[in-house]
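Keep the 3D view open as you read.

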Amino acid sequence: MVTTPFLSPPPQTRLLMSRRRTLLLAIVVITAIAIGTIIGSSWSIRDKERQTERSLEQRLSLLATSHAQVIDTWLEGLIRQGDRIVNSDLFRLYATEVDLIEEDISALITPEWTPTTDDEAAALRAQLPELQNIFIEFSHYAGFLSGRLVHPNGQAYLSTDSGISHLSEQQKALSQQVLNSATAQFSALQATSAGLIIDMALPLFSLDSDEKQSTVVAVLILTKVVTEKINQLLSASPLIEQGERVHLLQSTNKGLAVVTPWMPEQIAPLNGLSPQIIDNTLPFAVRPGLQSGNKVYSLAIPLQRLPWWIVEEVEYTAARASLSRHARTAWSISALLMGVFSLGFGILWFQQIGLKNRETARHFKSLAEQIDKQRQLLNNINDNIDDFICLKDIRGLYQYANPAMVKALGRELTEILDRDDCAVFGFDTAKRLEKLDQQVVAEAKPISVQETLYLQSQPAHVLISKAPLFEKSDQLGGIITVMSDITELVESQKRHERAIRRTVEALVSAIELNDTYLAGHSQRLRQLSKEVMKQLGGNKQQVATVEMAANLSQIGKMFIDKNLIAAQRPLSDEERHEVEQHVEHSARILRPIPFELPVPETIYQINEHLDGSGYPKGLQGDEILFTARVLSVINSFCAMVEPRAHRTGKSIAEALNELENLPQHYEASVVTALRDVIESPAGDKILQRQEDA
């Protein structure tokens, strides 16, 4: 008789228990795998989301910074335009004189004002029409809508409008900011019937200001229509991808508003969609769109000079399109894996490995395609742009040069890469470029300068912009250089200068044909004044001014009766007044010519004396241009030593002694410089040549 061991289950029970254990193990394994795949998919999606948002934040920040730099460059350009007035000695002198008036300056701008003999504003009011014409011409040429010159007390005494209009409260506040800071200031955008406008306010410093002490004597306010410029800033560019938009926010007394130059209101309130500005910035986050109200990713950075924020935003769905595809793929794989593991643990395992590998391959292929697409875009830009673009590492060796630069240098790319400036441009040019690189490294910020380079042995005028390139660790990795060829612009300026020079030569020829004596006087005056101005340390502009003014100084006498000029008897008061009108004739002829130097003004003041006894305005001291004070001394000297019909010329020593004995008329430093020049070989040569002639 066969017996079963004690407590041992029957075979059917053991088989059932084995099946149950296998089923339980399979359920546990499949459940564990399901949980694992769910956790893994969730983690993968979340990691992809973090990567997407981090990349998106970097991109939006780069776009916002790029737009901010464009705006800063534009504002600097406006300031440089305004500097033509701010740095003009004529306007600075006038503003300084107006500032010295102790009483209310309304006498300058009041139509009913009646001048008196002791009225300090009389001479200033007489100059207003001329200054206004120059101011209007400048505003029209520079593209400004209007302009005003404002006294520190808030009164505008010079305007491009027909009459002196009152300042708005915003312009008054802007003017006060300039007076307090002595720096350029800009207003917020304003919506007008002419479009969007912006006010720029610049300080005018007194003529006696220097680097240690600067006194603001007036504020220049220029108004410009900027609708087209704002449209350009907000318009789409090749770098902006689908779903991306740029907005311009402006702070107003009613809160934040969005600038929309293409809409009728131009500056529209945000209507409850105003984002929360934290520490003057809008951090990267998901929030409603500024205008659409749809969910977007956005960030904003402020501008330094204006109450503006550059807002970069991208549609939430467009930004997360790749993430959604990734999520669908991950969940599909999870479902597939769970289904496969239901058929068998072993098959599931190997299948999972295969799917993971294929997914990884697809992922890397997608990334490679995106990278290749971006690389092709950048290559297309660099290959077709006319500017020269290059990259140097911290050793100063070129690591990249675009085709435009390679073509301009006339070399092969292999002859440029891994070489320094000395090997590419030559020793002298390399020294100048090296100083610019050192400045970029020291200041860690972009710089722009104008230089003349020799490209294929031909001079080229280029605008060089250099910027530091930082690595992820904020370490300087190299320097990016962009060079713009502005040779045509510079040559155009030179052609303009040559045209002015030919005009001067034509006028000089007219003087010589009219009176050989006046021509000889002009030649002596030109040669001596040029050397004296150099002796006094004058700059190129001052030397050019006295040289050109000396050539043309006698042109007004062509319109005076020759009998009066050559008279051998004392002139009556009426005759003397007629002769003195030659400066008015000179001014009438020369002022329409765009010298870009104070040539007409210098000629107009050549007969003024330091004590105010000269003509035509009786100016005193520093009221007289420095160039005019120089020509006054030399003009008198030449007149003394030159023989006339009714007298012989004085000796050089007698003429110099007479000038030195009249310090109330002539500036002593100029007389001393004249003596030094005459006693030099150059002066001796000039006087000897004139005696021979």
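Let's begin with charge: there are 24 salt bridges in this structure, which is a predicted model. Side chains of opposite charge can pair when their charged atoms come close.

| Pair | N to O distance | Relative accessibility |
|---|---|---|
| R576 and D573 | 3.1 Å | R576 38%, D573 63% |
| E658 and K650 | 2.3 Å | E658 28%, K650 33% |
| E679 and R675 | 3.8 Å | E679 57%, R675 22% |

Take the R576 and D573 pair. Both residues belong to helix α17, which covers residues 573-580, and they are 3 residues apart, or about one turn of the helix. An α-helix has 3.6 residues a turn, so residues three or four places apart point the same way. Is D573 buried or exposed? D573 is exposed, because its 63% is over the 50% cut-off.

E679 counts as exposed, while R675 is partly exposed.

Salt bridges can also join up into a network, and one such network links R46, E49, E53 and R320.

Which residues have the most contacts inside the largest nonpolar core? They are Y157, L189, L220, I230 and W308, in a core of 57 residues. Helix α1, spanning residues 11-86, supplies the largest share of this core, with 11 residues. A separate core of 37 residues lies apart from it, and its members include A549, L590, I603 and Y666.

Leaving out neighbours within four places in sequence, its contacts include I230 and W308, along with L196, I197, I198, V226 and L248. Q250, V259 and I267 are also in contact with L189.

Finally, have a look at helix α4, made up of the 21 residues 122-142. From first C-alpha to last, α4 reaches 31 Å, close to the expected 30 Å. Where does α4 kink? The kink, of about 35 degrees, is at L128, shortly before the proline P129. L128 is also one of the buried residues of α4, a list that includes L124, L131, F135 and F138. S139 and A142 are buried as well. After α4 comes G143, with a positive phi near 85 degrees.

Technical notes. Residues numbered from 1 in each chain as written. Predicted model: local features only at pLDDT ≥ 70, side-chain atom pairs only at ≥ 80, totals over all residues. Heavy atoms only, no water. Core = buried A, V, L, I, M, F, W, Y, C linked by side-chain atoms within 4.5 Å. Buried < 20%, exposed > 50% of the residue type's maximum accessible area, 1.4 Å probe, protein only. Helix = DSSP H or I, 4+ residues; strand = E, 2+ residues; numbered from the N terminus. Contact = heavy atoms within 4.5 Å. Expected span 1.5 Å × (residues − 1). Bend = angle between axes of the 7 residues up to and from the residue. Salt bridge = Lys/Arg side-chain N within 4 Å of Asp/Glu carboxyl O.
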